[in-house]
Amino acid sequence: MAHNEYIKEVPGSDTVVLCIHGIFGSPDVFKPILKQIPADWSVFNILLDGHGKSVQDFARSSMTKWKGQVQRTLTYLSVRYSKIIIVGHSMGTLFALQAADGSNPRIKALFLLDVPLMPILRPSCASNALQILCERIPADNKVAFAQNAAVSVTPDKRVWRYLTWLPRILELSKEIEITRKCISKVKVPCRIFLSQKDELVSLRSYRYLKGNPRIKVSMLPGATHFYFSEENTARMQRAFASMCRKVRTIPTKK
């Protein structure tokens with residue numbers, strides 16, 4: 001896949017959807033959600049710095065650059081739109097949760113997938129990564145194909161180069177700690193879906209989310225971090241469409 005960002009600004013629109021993908025991820029992960037966005041709304045499905053390129057390009061980026069990019073985008077959108085919905089996957093959900101503390105009244109709702117408040121690394125993820133690297137994915141391994149499509153960093157068989165990613169992983173761990181402390185501060189409606197068979201996010205993440213009444217968490221049976229069945233996708237689409245209808249009814253402030 002091309003892993004290109006998708007920007008659509010609708011003249012006169014008062015609402016925009018900002019999509020933030022996860023670490024190693026791609027704007028492509030939001031394609032099923034994009035189909036549910038009303039035609040008269042604007043869309044900013046961004047590509048984070050260092051993604052969509054080589055292993056070395058990714059290593060040269062940083063959490064500081066990603067957070068800065070998200071903040072600059074939010075600043076731009078807040079001047080132009082009265083209502084912002086943030087859609088996030090994995091690491092992108094951390095930025096969304098931190099932004100929804102009420103300091104930006106333009107943010108009206110969050111729609112989040114696989115919030116990594118308790119990370120984990122299951123053997124299946126490493127096994128699938130090896131199949132991708134060796135270009136030997138079994139035809140029946142839907143999870144590996146989904147992982148390959150969702151990861152935007154070009155695979156590199158010089159595996160030692162992946163050691164340069166360690167600083168980015170450590171930065172992510174620190175960001176998770178920061179976000180855990182922000183959950184009680186979320187002031188807007190937040191719809192979260194967790195994947196039952198997530199290889200990278202422990203379901204124990206739920207215990208950090210359940211204390212805030214503005215947050216509603218649902219489970220996707222059989223889903224993984226990157227793979228969602230047609231039934232799961234349809235369920236997420238219905239939930240997002242419902243959120244869009246509710247946000248539309250919020251009066252626009254002049």
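Throughout these exercises, a residue is buried when its relative accessible area is under 20%, exposed when it is over 50%, and partly exposed in between, using a 1.4 Å probe and protein chains only. The model is predicted, so local features need pLDDT of at least 70 and side-chain atom pairs count only at pLDDT 80 or more, while totals for chains, interfaces and linings use all residues. Residues are numbered from 1 along each chain as its sequence is written, and side-chain values use heavy atoms, leaving out hydrogens and water.

**Exercise 1. Describe the overall build of the protein.**

Let's start with the secondary structure. Helices (H or I, at least four residues) and strands (E, at least two) are DSSP runs, numbered from the N terminus. Counted this way, the protein has nine helices and seven strands. Its radius of gyration is 18 Å, close to the 18 Å that the globule rule gives for 254 residues, so the protein is as compact as a globular protein of that length. Here the radius is taken over C-alpha atoms, and the rule is 2.2 Å times the number of residues to the power 0.38. Along the principal axes, the C-alpha atoms fill a box of roughly 55 × 35 × 35 Å.

Next comes the packing. Of the 254 residues, 52% count as buried. A contact means heavy atoms within 4.5 Å. Among contacts with a separation of 6 or more, 78% come from residues 24 or more positions apart.

Finally, look at the charges, with Lys and Arg as positive, Asp and Glu as negative, and His and the chain ends not counted. There are 38 positive and 19 negative side chains, and the centres of the two sets lie 7 Å apart. Each charge is placed at NZ of Lys, CZ of Arg, CG of Asp or CD of Glu.

**Exercise 2. Work out the setting of Asp 114 and His 225.**

Begin with Asp 114, in the loop between β5 (107-113) and α5 (123-133). Its relative accessibility is 1%, so Asp 114 counts as buried. Now check the backbone: Asp 114 has a positive phi of about 55 degrees although it is not a glycine. Most residues other than glycine have a negative phi.

Move on to His 225, in the loop between β7 (215-220) and α9 (230-248). His 225 is buried too, because its relative accessibility is 2%. Not counting residues up to four places away in sequence, His 225 touches several residues, including Asp 114, His 89 and Ser 90. The side chains of His 225 and Ser 90 also make a polar contact at 3.0 Å. Such a contact is a pair of N or O atoms within 3.5 Å; within protein, one must be able to donate a hydrogen and the other to accept it, and residues adjacent in sequence count only if both atoms are side-chain atoms.

**Exercise 3. How many residues of helix α4 are buried, and what covers them?**

First, the count: nine of the nine residues of α4 (91-99) are buried. Among them are Met 91, Phe 95 and Gln 98. Then the cover, which includes β2, α3 (63-80), β4 (83-89), β5, α7 (166-180) and β6 (190-195).

**Exercise 4. Is Lys 246 buried or exposed?**

Locate Lys 246 first: helix α9. At 57% relative accessibility, Lys 246 counts as exposed.
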